[in-house]
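Have the chain in view as you read.

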Amino acid sequence: MNVMLTTDSVPEQQKVTYWNEVVSRTLVPMAVSPRGTGPFDGRITTRRLGYLQVSTVEADAKSVSRTPALITPSCEALVAVAVQMSGTATFAQGGRTTEVGEGDLVVYETGRPYSIDYPRRFTTHVFQLPRHTLPVSDSDLRRIAGDAIRTSGGVGGMLCLFLSALASLSGARPPVIAHRLAGDFVDLLSTLIAERTRPDGARPDTASGALLLRVREHIDRNLGDPDLSPESIARAHGMSVRYLHKLFEGEGTTVCRLVQRRRLEECSRELAHRGRATASVSAVAHRWGFSSPAHFSRIFRAAYGVPPREWRALHTARDPLSPVPAGPSTTASTTTADGLRDVSRTEGRRAGVRGR
């Protein structure tokens, strides 16, 4: 479902404050300063396709900055791609500054400070996805982050056309279709990064990269299955459990950690959704593969800092325009993952994830 927020009906003296809140809630926390002293107008439309968030921003001239103070440990690491549809921008991240023209795209990380200056009215599509879903190294990602990528041809042109089509989609898509579209985006973006970071023609192991993506999609489709485990995942893809673990060696996580984190993310979103206020906490936990309510409550609190009931109370009492937080903090994730290693040996299926 598309959600559109606009300054149209906001009193003039409150437009800038309202726009700061809307942009920070919809995308990531940032400081927005309009250029000039005249009236300010802006609108943002957003929706989700699986784990991919698609937003379109149209606004008057402004400057945007994501400072270190706005990047807290609880912020989920995201990768963003912005496609400049009209107007221009000056983008800066990691000591690199680039001019982004109409039709260009730029890749950046929300976990590092950045700034964007729009000298006149503009329209841009912004695509955000969790960093862990993009199977490229940090070094390759940072080599491309902040560069203006021309889209007149090549993989950049293909990606731009695909993103424009995604932004123009209307109406809801079945979860399996939404996740496939998100996966197609990841494939094209990974290919673009490989093309630009390996000009000598060398390519990463695309076969294992594609297999890893299929494994992640399988996990997302089967989160509600309490029997989801390294063994069942390996069996579904015709590989050994040992090879499955090897596949995840460069991902900064294990299969069990990923399954648990994704389950917690989906539970947190559902509990924070006003429309789910009548579902019990244990029903939500069971829906996403946790067979023990007590164990779920314990690891949820370790990940998010509060019990699931308190999480629901805090978020369903908020303004309906407030977005659902995307996931546990980095510190909490580490604690939860460490706990999973111990739990998996002693509690078996009570953890909702079996294996290493």
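Strands here are DSSP runs of E with at least two residues, numbered from the N terminus. A cavity is a set of points, on a 1 Å grid over the protein atoms alone, where a 1.4 Å probe fits but cannot get out, and lining residues have an atom within 4 Å of a point. Points are joined across faces, edges and corners, and a volume is the space filled by probe spheres set on them.

This is a predicted model, where local features need pLDDT of at least 70, side-chain atom pairs count only at pLDDT 80 or more, and totals for linings use all residues. Residues are numbered from 1 along each chain as its sequence is written, and side-chain values use heavy atoms, with hydrogens and water left out.

So what turns up? Searching the whole structure gives three cavities of 30 Å³ or more.

| Cavity | Volume | Largest share of lining |
|---|---|---|
| Largest | about 160 Å³ | β11, four residues |

Start with the largest cavity. Among its 16 lining residues, Leu27, Met30, Ile116, Tyr118 and Val126 lie nearest the centre. At least two lining residues come from each of β5 (62-66), β10 (114-118) and β11 (122-130). By class, 13 are nonpolar, two polar and one charged (Ala, Val, Leu, Ile, Met, Phe, Trp, Tyr, Cys and Pro count as nonpolar, Asp, Glu, Lys and Arg as charged, the others, Gly among them, as polar).

Now for the second largest cavity. Its lining includes Ala82, Phe91, Tyr108, Ile116 and Tyr118. Two or more lining residues come from each of β6 (78-86), β7 (89-93), β9 (105-109) and β10. This lining has nine nonpolar residues, two polar and no charged ones.

Key
On a 1 Å grid over the protein atoms alone, a cavity is a set of points where a 1.4 Å probe fits but cannot get out, and a pocket is an open set with protein on both sides within 12 Å along at least five of seven lines; lining residues have an atom within 4 Å of a point.
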